[in-house]
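Thanks for coming. I will go through one structure this morning, so please have it open while I talk.

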Amino acid sequence: MIGKASSKRFEGWPLDSLSMNKETGQYFVDGSMEESKENIIKDEYEKEIVDFLTKSLHIT
């Protein structure tokens with residue numbers, strides 16, 4: 001999340017205008033609604049979960 005919001009909004013997804021994809025540097029709302037959901041669920045959270053499990057289970 002960042003401090004400067006995009007002027008675009010997706011109804012029902014208010015935080016997407018404050019969220020950026022770390023890899024592309026684009027706001028989640030810069031793509032389609034489907035891409036936004038996919039970015040949040042697949043890319044960001046999946047990576048965080050894998051990183052957490054890797055560190056917690058001491059896997060290298």
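**The nonpolar patch and the rest**

Tyr45, Ile49, Phe52, Leu53, Leu57 and Ile59 form a nonpolar patch on the surface, and together they account for about 650 Å² of accessible area. A patch here takes residues with over 30% relative accessible area and no salt bridge, joining like charges within 9 Å and nonpolar side chains (Val, Leu, Ile, Met, Phe, Trp, Tyr) within 5 Å. Accessible areas come from the Shrake-Rupley method with a 1.4 Å probe, and for residues only the protein chains shown count as cover.

Before going on, the conventions. This is a predicted model, in which local features need pLDDT of at least 70 and side-chain atom pairs count only at pLDDT 80 or more, while totals for chains, interfaces and linings use all residues. Residues are numbered from 1 along each chain as its sequence is written, and side-chain values use heavy atoms, with hydrogens and water left out.

Now the overall figures. The secondary structure comes to 1 helix and 0 strands; helices (H or I, at least four residues) and strands (E, at least two) are DSSP runs, numbered from the N terminus. The protein has 60 residues, and 22% of them are buried. Buried means under 20% relative accessible area, exposed means over 50%, and partly exposed is in between, with a 1.4 Å probe and protein chains only. The accessible surface of the protein is about 4,800 Å², and carbon and sulfur atoms hold 57% of that. Of the contacts between residues at least 6 apart in sequence, 12% join residues at least 24 apart, where a contact means heavy atoms within 4.5 Å.

Next, charge pairing. How many salt bridges does a search of the whole structure find? The search finds 1, with the criterion being a side-chain nitrogen of Lys or Arg within 4 Å of a carboxyl oxygen of Asp or Glu. Lys22 pairs with Glu48, and their closest N and O atoms are 3.9 Å apart. Because Lys22 lies in the segment before helix 1 and Glu48 in helix 1, the pair ties together parts that are 26 residues apart in sequence. Lys22 is exposed at 69% relative accessibility, and Glu48 is partly exposed at 41%.

Staying with the segment before helix 1, that is where Asn21 lies. Is Asn21 buried or exposed? Its relative accessibility is 6%, so Asn21 counts as buried. Asn21 and Glu44 are 23 residues apart in sequence, with their C-alpha atoms 7.8 Å apart in space.

Ser17 also belongs to the segment before helix 1, the helix itself running over 33–56. Ser17 has 3% relative accessibility and therefore counts as buried. Leaving out residues up to four places away in sequence, Ser17 touches Lys4, Ala5, Ser6, Lys8, Arg9, Tyr27 and Val29.

Met1 is in the segment before helix 1 as well, but Met1 is exposed, with a relative accessible area of 66%. Beyond its neighbours within four places in sequence, Met1 is in contact with Leu15, Leu18 and Ser19. For Met1 and Ser19, 18 residues apart in sequence, the C-alpha to C-alpha distance is 4.4 Å.

Last, the other end. His58 is in the segment after helix 1 and has a phi near 55°, a positive value in a residue other than glycine. At 70% relative accessibility, His58 counts as exposed.
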